[in-house]
Amino acid sequence: MTDHAPASPPAQVVFAALGTTAALLVTDPSALPTAEAILRAELSAVDLTCSRFRPESELARVNSAAGIPTTVSERFAEALQAALRAARLTEGLVDPTVGSAVITAGYDRTFTTLCLDDVRPVPVPRAAPGWRRIVFDPHARRLHLPSHARLDFGATAKALTADRAVQRAAAATGSGVLVSLGGDLATAGPVPEGGWRIALADDHAQPVAGQDPVVAVTGGALATSGIGVRTWRRAGRTQHHIIDPATGAPATPVWRTVSVAAATCVDANAASTAAIVLGDRAVDWLRGTALPARLTGLDGIVVCLGGWPTDIHSHTSRGAW
């Protein structure tokens, strides 16, 4: 049985963070200040720990020490373990060692400062070193990256932050809480009457009222991966930010967006990202996970799996992986 909050509109706050949009909703308006403080603290911490655009971040320090054993912080260890879990569950389709490949593709700075039409030639891509080559002792927090390897937590750190923030905020306030970071969202605590109503759009920041499908989330998390927003051109070729670790190049475009529901945002994001990488093989792979999923092809054809509702007013809840 789902624990429902009293029927009243959730209070919310929306602000820019991590190069995207952070949205916080609570069922109890009086909980908003505390929940916002928790979310902002989590965002600040993950930026200092996992940003690949900050030269002083711990990720930058770890990458510069590739080939040399180094001790990492508890928060970095948690982010690394989340990334390794995603790699294990997806059998390497989502791999944290794609850092150099992302840079080679041209995503070498914050997206707002990226040259969206770069005339320079595209360097020859190289396969990612592979997550299995990472040596990590979680008890001593001792990490040894392969020489010349570069970590990138883009597929998991944002989702982990949503999971952490929503659990902390719900525990601190007793309110129902939803945290969305760039469209990847997690929920905890009492659910609004009728569920958290979520519009699915190619661009989370620009949903089209009355056109984009809407689902009501009654628990867990929901993540959407897509190739339509963070794109740029290099030497006349369109590039995007989701890398196929096997080739080191952006994944071959097959799906415009993939949305997946799971118990945690980390798991939902791992599955949705893996589906983009898999392309034509994504449907069979997602069926094997039994997670609720919705895939939209480049031609607009929609495929729903794992009990994902086909009616825009239906409900979806977390799946177990």
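The expected span of a helix is 1.5 Å times one less than its number of residues. Helices (H or I, at least four residues) and strands (E, at least two) are DSSP runs, numbered from the N terminus. The model is predicted, so local features need pLDDT of at least 70 and side-chain atom pairs count only at pLDDT 80 or more, while totals for chains, interfaces and linings use all residues. Residues are numbered from 1 along each chain as its sequence is written, and side-chain values use heavy atoms, with hydrogens and water left out.

**Exercise 1. Helix α1**

Work out how the reach of α1 from its first C-alpha to its last sits beside the expected value, and which residues of α1 are buried.

*Solution.* 
Step 1: Helix α1 has 19 residues. From first C-alpha to last, α1 reaches 26 Å, close to the 27 Å expected at 1.5 Å a residue.

Step 2: Next, look for burial. Buried means under 20% relative accessible area, exposed means over 50%, and partly exposed lies in between (1.4 Å probe, protein chains only). In α1 the buried residues are Leu32, Ala35, Ile38, Leu39, Glu42, Leu43, Ala45, Val46, Thr49 and Cys50.

Step 3: Now look down the axis of α1. Its buried residues fall within an arc of 165°, so they line one face of the helix. The arc is that of the directions from the helix axis to the C-beta atoms.

Step 4: What do the buried residues of α1 pack against? Using contact (heavy atoms within 4.5 Å), you will find β1 (11-17), β2 (20-26), α2 (58-64), α3, α5 and β7 (177-181).

**Exercise 2. Salt bridges**

Find how many salt bridges there are, then describe three of them.

*Solution.* 
Step 1: Start with the rule: a side-chain nitrogen of Lys or Arg within 4 Å of a carboxyl oxygen of Asp or Glu. By this rule there are 12 salt bridges.

Step 2: Arg40 is partly exposed, at 40% relative accessible area.

Step 3: Move on to Arg168 and Glu42, whose side chains meet at 2.9 Å, N to O. This pair links distant parts of the chain, with Arg168 in helix α5 (residues 157-173) and Glu42 in helix α1, 126 residues apart. Glu42 is buried at 1%, whereas Arg168 is partly exposed at 39%. Both belong to a network of salt bridges that links Glu42, Arg75, Glu78, Arg164 and Arg168.

Step 4: Finish with Arg85 and Asp267, where the closest N and O atoms are 2.7 Å apart. Here too distant parts of the chain are linked: Arg85 is in helix α3 (residues 74-89) and Asp267 in helix α6 (residues 265-278), 182 residues apart. Arg85 is partly exposed at 29%, and Asp267 is buried at 5%.

**Exercise 3. A loop residue**

Locate Leu93 and list its contacts beyond its neighbours within four places in sequence.

*Solution.* 
Step 1: Leu93 sits in the loop between α3 and α4 (99-104). With 16% relative accessibility, Leu93 counts as buried.

Step 2: Leu93 and Asp244 are 151 residues apart along the chain, yet their C-alpha atoms are separated by 6.9 Å.

Step 3: Leaving aside those sequence neighbours, Leu93 is in contact with Pro245, Ala274, Val277, Leu278 and Trp285.
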